[in-house]
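Subject: Handing over the structure

Hello,

Here is the structure I promised to pass on to you. Please have a look at it first, and then read my notes below.

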Amino acid sequence: IGEIARDRGDAARAEAAYREYQRLADRMVAIDPDNLKWRMEVFYANENMGIVLYNQRRFAEASRVLESSLRPVGSSVAIDTRNADYQKEYSTLLAWLADSYGAQGQFDRAIAVREKQIAFLEPLAGGQSDVVFRQHLIPAHFGLANLFLSQGDTRRAIEQFDRSIAQSERLLPVEPDNAFWTGLAAQSRLQLAKTLVAL
């Protein structure tokens, strides 16, 4: 219900649904605190709530909700090192947290989180056949580049745009007709071109 409402732009209904999701997830964990799967439901609920708050431009609230899950999800990844779903969740959580910091002008914190995301993804992208980790690296480098631009650091911004483009070029041969990947690649190239023109 929350996802449908969010996709339709009904922020109030999405927030209400995700608050109920949070409540139910907390109840499950209260029944069995050692159940890792149920604990992850709490973190999924928090992430979805953070995204809804972010989309409502309630960036400080979004940051707090997302921060509350960062360490527990990282611990779950460390406990179950082969669980790709947890790894993807952790990467997504880092991306939204970085964006929420950046939206508040907290560029140093945002950069640190994006760099943490990239450092987390790189060994996964290089060592697994799952293309999702490589896909995550494209907007991760793109997001970091834009943060550097916000600080006036064009040299490092260009470097990150180049890395985003390089990741997309490695990914596209896997599925050349993938519109989502093509869009990510085009976005990186366009922003790099704008940066170079501005120079």
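Let me begin with Ser63, which counts as buried because its relative accessible area is 4%, under the 20% cut-off. Before going further, please keep in mind that this is a predicted model. The mean pLDDT of the protein is 89, with 98% of its residues at 70 or more. Confidence is lowest in helix 1 (residues 2-7), where the mean is 79, and highest in helix 5 (residues 84-103), where it is 95.

**Ser63 and its surroundings**

Ser63 belongs to helix 4 (residues 59-79). Which side chain makes a polar contact with the side chain of Ser63? The partner is Gln104, at 2.7 Å. Leaving out residues up to four places away in sequence, Ser63 touches Gln104 along with Leu97, Ser100 and Tyr101.

**Helix 4 against helix 5**

Ser63 also takes part in the contact between these two helices. The axes of helix 4 and helix 5 come within 9 Å and cross at roughly 155°. An angle over 145 degrees counts as roughly antiparallel, so that is how helix 4 and helix 5 run relative to each other. The crossing of helix 4 with helix 5 is left-handed. On the helix 4 side, the contact is made by Phe59, Ala62, Ser63, Leu66, Glu67, Ser69, Leu70, Val73, Gly74, Ser76 and Val77. Helix 5 contributes Tyr86, Gln87, Tyr90, Leu93, Leu94, Trp96, Leu97, Ser100, Tyr101 and Ala103.

Glu61 sits in helix 4 as well. With a relative accessible area of 29%, Glu61 is partly exposed. Its C-alpha lies 13 Å from that of Asn48, and Glu61 and Asn48 are 13 residues apart in sequence.

**Helix 3 against helix 5**

Helix 5 has another partner to look at in helix 3 (residues 36-55), and the axes of the two come within 11 Å. How do helix 3 and helix 5 run relative to each other, roughly parallel or roughly antiparallel? Their axes cross at roughly 30°, and angles under 35 degrees count as roughly parallel, so helix 3 and helix 5 are roughly parallel. Here too the crossing is left-handed, with helix 3 passing helix 5. From helix 3, the residues involved are Leu36, Lys37, Met40, Tyr44, Glu47, Ile51, Tyr54 and Asn55. They meet Tyr86, Glu89, Thr92, Leu93, Trp96, Asp99, Ser100 and Ala103 in helix 5.

Ala103 is found in helix 5 and is partly exposed, at a relative accessible area of 37%. Setting aside neighbours within four places in sequence, Ala103 is in contact with Tyr54 and Phe59. Ala103 and Ala30 are 73 residues apart in sequence, and their C-alpha atoms are 34 Å apart in space.

**The loop between helix 3 and helix 4**

Arg57 is found in this loop. Most residues other than glycine have a negative phi. Arg57 is not a glycine, yet its phi is positive, at about 65°. Arg57 counts as exposed because its relative accessibility is 63%, over the 50% cut-off.

Gln22 counts as buried, at 14% relative accessibility, whereas Leu24 is partly exposed at 40%. The C-alpha atoms of Leu24 and Tyr101 are separated by 28 Å, and the two residues are 77 apart along the chain.

**Helix 8 against helix 9**

Finally, please look at helix 8 (residues 154-171) and helix 9 (residues 179-198), whose axes come within 9 Å and cross at roughly 155°. Helix 8 and helix 9 are therefore roughly antiparallel to each other, and their crossing is left-handed. Ile158, Phe161, Asp162, Ser164, Ile165, Ser168, Glu169 and Leu171 make the contact from helix 8. Their counterparts in helix 9 are Trp181, Ala185, Ser188, Arg189, Gln191, Leu192, Thr195 and Leu196.

Technical notes. Residues numbered from 1 in each chain as written. Predicted model: local features only at pLDDT ≥ 70, side-chain atom pairs only at ≥ 80, totals over all residues. Heavy atoms only, no water. pLDDT = per-residue confidence, 0-100. Helix = DSSP H or I, 4+ residues; strand = E, 2+ residues; numbered from the N terminus. Buried < 20%, exposed > 50% of the residue type's maximum accessible area, 1.4 Å probe, protein only. Polar contact = N/O pair within 3.5 Å; in protein donor to acceptor, adjacent residues only side chain to side chain. Contact = heavy atoms within 4.5 Å. Axes fitted to C-alpha atoms, helices over the stretch in contact; angles between N-to-C directions. Parallel < 35°, antiparallel > 145°, perpendicular 65-115°, else oblique. Left-handed = near helix turned anticlockwise from the far one by under 90°.
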